[in-house]
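This report describes selected parts of one protein chain. Please read it with the sequence and the structure at hand.

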Amino acid sequence: MSAWQLVAVGLVMLLGLVGVLVPGIPGPLIVWAGVLWWAVTEKSGPAWAVLMGATALLLVNQALKWLLPVRDLRAAGAPYRTLFLAGAAGIVGFFVLPVIGAVVGAVGGLYLLERVRLGGHGDAWSSTRTVMRTLGLSVLVELLACLLVVGGWAGTVLAR
């Protein structure tokens with residue numbers, strides 16, 4: 001696979017990660033499609049293993065989504081921009097501090113943005129807890145699954 005194709009696959013996966021944060025965009029499906037494109041083009045054992053692992057992980061993620069509470073953005077109280085930026089902080093956190101950085105970045109980013117918006121610690125912490133209860137868990141589970149898939153892909157590409 002050429003370098004420009006790897007960049008294109010990476011951009012597709014990045015779009016999928018953003019799609020987890022934006023309602024209406026099927027993020028996990030886009031991430032999986034990027035892995036499928038790479039595996040079909042690469043045609044190697046590790047590529048197929050990553051595709052099988054990604055498929056299994058994203059299917060488990062879909063099953064977990066049925067068990068978690070439904071996302072209701074109106075009930076959360078925070079503006080869409082704050083939620084999007086907190087999710088972006090989770091993505092950055094994943095790459096700064098692998099795996100657990102996603103949670104730290106998302107929750108920390110949400111708290112900081114709410115503190116700036118609301119002005120005080122008590123109100124910001126209350127808003128952060130409300131947001132995390134209403135939609136945070138399902139988004140974080142989906143984001144973490146997609147980040148693990150992207151991390152597995154990136155690790156396999158860099159190891160070659």
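**Residues 46–64 and the record**

The span of residues 46–64 is 100% helix and 0% strand, and its end C-alpha atoms lie 27 Å apart. Helices (H or I, at least four residues) and strands (E, at least two) are DSSP runs, numbered from the N terminus. An unreviewed UniProt entry places the feature "transmembrane region" at residues 6–39, 46–64, 84–113 and 134–154; positions follow the numbering used here, feature names are shortened, and annotations may be inferred rather than shown by experiment.

**Basis of the model**

This is a predicted model, in which local features need pLDDT of at least 70, side-chain atom pairs count only at pLDDT 80 or more, and totals for chains, interfaces and linings use all residues. Residues are numbered from 1 along each chain as its sequence is written, and side-chain values use heavy atoms, with hydrogens and water left out.

**Leu-57**

Leu-57 belongs to helix 3 (residues 45–67). Leu-57 is partly exposed, with a relative accessible area of 29%; buried means under 20%, exposed over 50%, and partly exposed in between (1.4 Å probe, protein chains only).

Neighbours within four places in sequence aside, Leu-57 is in contact with Ala-145, Leu-148 and Val-149, where contact means heavy atoms within 4.5 Å. The C-alpha atoms of Leu-57 and Pro-79 are separated by 30 Å, and these residues are 22 apart along the chain.

**Helix 2 and Val-96**

Among the buried residues of helix 2 are Ile-30, Val-31 and Trp-38. After helix 2 comes Lys-43, with a positive phi near 50°. Val-96 lies in helix 5 and is exposed, at a relative accessible area of 66%.
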